[in-house]
Amino acid sequence: MPEEKIIRVYLVDDHEVVRRGVASLLATDPSIDVVGESGSATVALREILALRPDVAILDANLADGTGVDICREMRSVDPNIKGLILTSYDDPDAISSAILAGASGYVLKRIEGNSLISGIKLVAGGHSLIDPTVASRVVEQMELQRRSLDVICELTPQQRKIFFLIAEGMTNRQIAEKLYLAEKTVKNHVTGLLSRLGLQHRTQAALLAVRLHGSEASTPAPVAVPTTAMPGPSLPGLARRVG
């Protein structure tokens, strides 16, 4: 029987207690070797490119950068290094950014210990891993964007102009002056647009426009989503993030 390949892992988290907790957990599996760790994005990227681990476990938010940025930079140099984002935040925008940056996985810090070890092995083997909770929120957001895009496609050219001018932060008066309309006419259009899109205020319209523009510009690659988590002890110190 062939000997199991050792998976070389690098840890990035700006909380020392978290790094120690993950390192202690991974030390229980003889097939995983933690070759380095850091709490700084700058130091981590330099060391990752020097050590060339199989998997880099990356915290989403660091004092001097993000795990997504590290993932993008390291994979632009060496696409064989797999990135696994380990974070406290289940933000659909963050997971989309992570996928576009080439991350192979995105899991929450509430993941059970054995599941994280199994996930590292999956990622090292070329598979994808996304926390089911986060994945469902991404799907919901994509469906909302699709429905909103359908509504916008049904608008008249004048209404579409008004929508994107709202997204630029223009007031009703500014839009009226730009389109040579009465301010009251613009106000009525804005009220109708927000209602049709299911929005309560103009800021949401601006955010929606940005998201729709992003979804048209790039489509994230499909990923495999695990539907169940394997049993195992929770990671020490990972249930709650302080600060």
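Which exposed residues does the face of helix 8 turned away from its buried side carry?

The model is predicted, so local features need pLDDT of at least 70 and side-chain atom pairs count only at pLDDT 80 or more, whereas totals for chains, interfaces and linings use all residues. Residues are numbered from 1 along each chain as its sequence is written, and side-chain values use heavy atoms, with hydrogens and water left out.

**The sheet**

An open sheet is formed by 6 strands in the order 2-1-3-6-7-8, with parallel pairing. Strands (E, at least two residues) and helices (H or I, at least four) are DSSP runs numbered from the N terminus, and two strands pair if DSSP finds at least two bridges between them. Strand 2 (32-38) and strand 8 (129-130) are the edge strands, each pairing on one side only. Strand 6 (residues 82-87) runs parallel to strand 7 (residues 105-108), and 4 bridges join them; Ile85 has Tyr106 in strand 7 as its bridge partner.

Helix 3 (residues 67-77) packs on the sheet, touching strand 1, strand 3 and strand 6, and its direction makes about 175 degrees with that of strand 6. Contact means heavy atoms within 4.5 Å. Axes are lines fitted to C-alpha atoms, for helices over the stretch in contact, and angles run from 0 to 180 degrees between N-to-C directions.

**Helix 2**

Helix 2 (residues 41-51) lies across strand 1 (7-12), strand 2 and strand 3 (55-58), running at about 170 degrees to strand 1. At its start, a side-chain oxygen of Ser40 reaches to within 3.3 Å of the backbone nitrogen of Thr42. Ala41, Ala44 and Ile48 of helix 2 are buried. These buried residues fall within an arc of 60 degrees seen down the axis of helix 2, so they line one face of the helix. The arc is that of the directions from the helix axis to the C-beta atoms. Their cover includes strand 1, strand 2, strand 3, strand 4 (61-62), strand 5 (65-66) and helix 3.

Buried means under 20% relative accessible area and exposed over 50%, with partly exposed in between (1.4 Å probe, protein chains only).

**Helix 8**

In helix 8 (residues 172-179), the buried residues are Asn172, Ile175, Ala176 and Leu179. Their arc around the axis is only 100 degrees, which puts them on the same side of helix 8. The face turned away from that buried side carries the exposed residues Arg173 and Glu177.

| Helix | Following residue | Phi |
|---|---|---|
| Helix 2 | Arg52 | positive, near 50 degrees |
| Helix 8 | Tyr180 | positive, near 55 degrees |

Key
A polar contact is a pair of N or O atoms within 3.5 Å; within protein, one must be able to donate a hydrogen and the other to accept it, and residues adjacent in sequence count only if both atoms are side-chain atoms.
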